[in-house]
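This report describes selected features of one protein model together with its ligand. Please examine the sequence and the structure before reading on.

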Amino acid sequence: MERLPGFRDFYPEPLPHKDVWSADARQHIFGKWREAARRYGFREYDGPPLEPLELFTTKSGDEIVGQLYNFVDKGDRAVALRAEMTPTLARMVAAHERNYKKPIKWFAIPQLFRYERQQKGRLREHFQFNADIIGETDPAADAELISLLIDSLRALELTAEDFVVRLSSRNAWQDYFSTRCHDHAKAYEFYQAIDKLERTPPEESQKKLAELGFSLDEVNQFINSGQPTAELKAILDNLAARGLGDFVKVDYHVIRGLAYYTGPVFEAFDRKSELRAIAGGGRYDNLVKLISGGKVNLPALGFGMGDVVLLELLQARNLLPPFDATTDVFVLIEDESLRPQSLKLIHDLRAAGFAVDYALTPAKPDKQFKRAQELKANYTAKLDNDAYVRIRNLKTREEVVAGVNGAANYLR
Ligand code: HAM
């Protein structure tokens with residue numbers, strides 16, 4: 001049985017095949033994400049992986065809706081695997097916002113599903129670090145969030161030479177659009193054409209924009225002017241004050257494909273622009289209101305950072321540490337009559353926090369020792385009798401005999 005295209009198997013290292021993914025690398029990345037979120041005072045939340053289809057068709061926009069993994073369940077409900085976390089977050093916040101002081105700062109690491117054409121950096125399933133701030137309109141919140149984005153990448157040893165956050169504004173594009181076109185129904189179509197500019201042949205973009213009453217040259221002029229709006233300037237100054245100025249630049253190519261964004265938007269890319277976006281986000285001040293049917297109105301902003309492109313970048317820069325299994329102690333049971341006492345020793349050492357392994361069933365001493373070496377254990381421990389244990393450092397080959405009850409202390 002094969003796995004479905006666009007889905008991944010995660011194996012412990014060393015990896016058995018180049019076509020599989022590292023469970024260790026994934027855990028490494030999740031750990032750094034969680035740690036960065038903690039340093040910024042974000043609390044972790046989660047929601048269901050399956051949601052009513054309607055949650056996504058409300059406001060995510062055609063691009064995501066076209067990629068939904070949806071079906072009708074046995075109770076005749078139209079449902080979809082979550083394609084992004086933001087609608088779920090908006091629903092959860094709207095339901096219980098009174099219980100939380102503002103601004104709410106939450107993060108999650110959901111697995112998301114999109115029925116995309118499988119390509120480099122894009123799969124049908126990925127994990128995404130989501131961090132969002134709810135209940136604050138000031139650009140200080142945008143800067144705080146972008147700072148977290150930058151620091152979560154820096155925590156993985158990436159530098160300003162490896163990635164850049166391209167900062168833009170839906171407001172700037174909205175102004176651009178509405179001074180030239182009065183048909184608001186066309187705005188989202190226009191944003192989508194801008195979003196695709198860099199990935200579409202110029203003739204095609206020219207044609208699309210002309211249909212909407214715009215010229216590609218003029219649009220390019222606006223992008224190249226790169227003048228930050230007052231709002232973007234406030235964000236840039238805030239980041240510069242932290243010493244993060246090198247990590248961010250204004251770039252009006254960015255507009256974001258999702259329909260719900262309302263203000264500053266941004267995307268993180270590798271510096272050489274060889275890979276797809278590492279992360280993307282922005283303000284979505286109307287989504288909570290929309291999803292709550294007008295009951296709750298809270299400004300919000302956030303970003304999502306995927307694990308797929310990030311892993312490609314970390315691999316390309318050689319920034320993944322070696323992932324060895326860590327066995328502190330391998331307990332050798334050479335005399336089967338001492339197995340009960342050995343099990344007690346193993347249990348006590350584990351209770352003291354050590355990673356301990358041993359042969360589950362009787363095995364020859366040389367086989368047990370070989371297994372200890374394969375596991376790269378730091379120590380072996382072997383009971384001489386029920387009172388004394390022989391502890392051997394496998395690197396220095398130093399050996400000591402300790403009282404059974406003193407073994408944990410000695411190892412510490
Ligand atoms: P997004 O731009 O659709 O935004 O996704 C964010 C990131 O998730 C992308 O930059 C990319 O790294 C990763 N990603 C997206 N689709 C795939 C895929 N098919 N395969 C691999 N990686 C992928 C959002 O989802 C917004 N909800 C983010 C957000 C949170 N905005 C506000 N709060």
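Which atom of the ligand lies 2.6 Å from an N or O atom in the side chain of tyrosine 261? It is a nitrogen atom of the ligand. The model is predicted, so local features need pLDDT of at least 70 and side-chain atom pairs count only at pLDDT 80 or more, while totals for chains, interfaces and linings use all residues. Residues are numbered from 1 along each chain as its sequence is written, and side-chain values use heavy atoms, with hydrogens and water left out.

**The ligand**

Around the ligand there are 25 residues, of which Glu84, Thr86, Glu116, Asp132 and Tyr261 come nearest; a residue counts as near if one of its heavy atoms lies within 4 Å. The table gives polar contacts, which are pairs of N or O atoms within 3.5 Å.

| Protein atom | Ligand atom | Distance |
|---|---|---|
| Threonine 86, polar side-chain atom | nitrogen | 2.7 Å |
| Leucine 123, polar backbone atom | nitrogen | 2.8 Å |
| Tyrosine 261, side-chain N or O atom | nitrogen | 2.6 Å |

**Tryptophan 21**

Leucine 123 is also one of the residues in contact with tryptophan 21, beyond its neighbours within four places in sequence; contact means heavy atoms within 4.5 Å. Tryptophan 21 belongs to strand S2 (residues 21–22), a strand being a DSSP run (E) of at least two residues. Between tryptophan 21 and aspartate 348 there are 35 Å in space, C-alpha to C-alpha, and 327 residues in sequence.

**A pair of helices**

In H1 (residues 23–39), Trp33, Ala36, Ala37 and Arg39 meet Leu148, Asp151 and Ser152 in H5. The residues of this contact comprise four nonpolar, one polar and two charged; here Ala, Val, Leu, Ile, Met, Phe, Trp, Tyr, Cys and Pro count as nonpolar, Asp, Glu, Lys and Arg as charged, and the others as polar.

Methods
Helices (H or I, at least four residues) and strands (E, at least two) are DSSP runs, numbered from the N terminus. A polar contact is a pair of N or O atoms within 3.5 Å; within protein, one must be able to donate a hydrogen and the other to accept it, and residues adjacent in sequence count only if both atoms are side-chain atoms.
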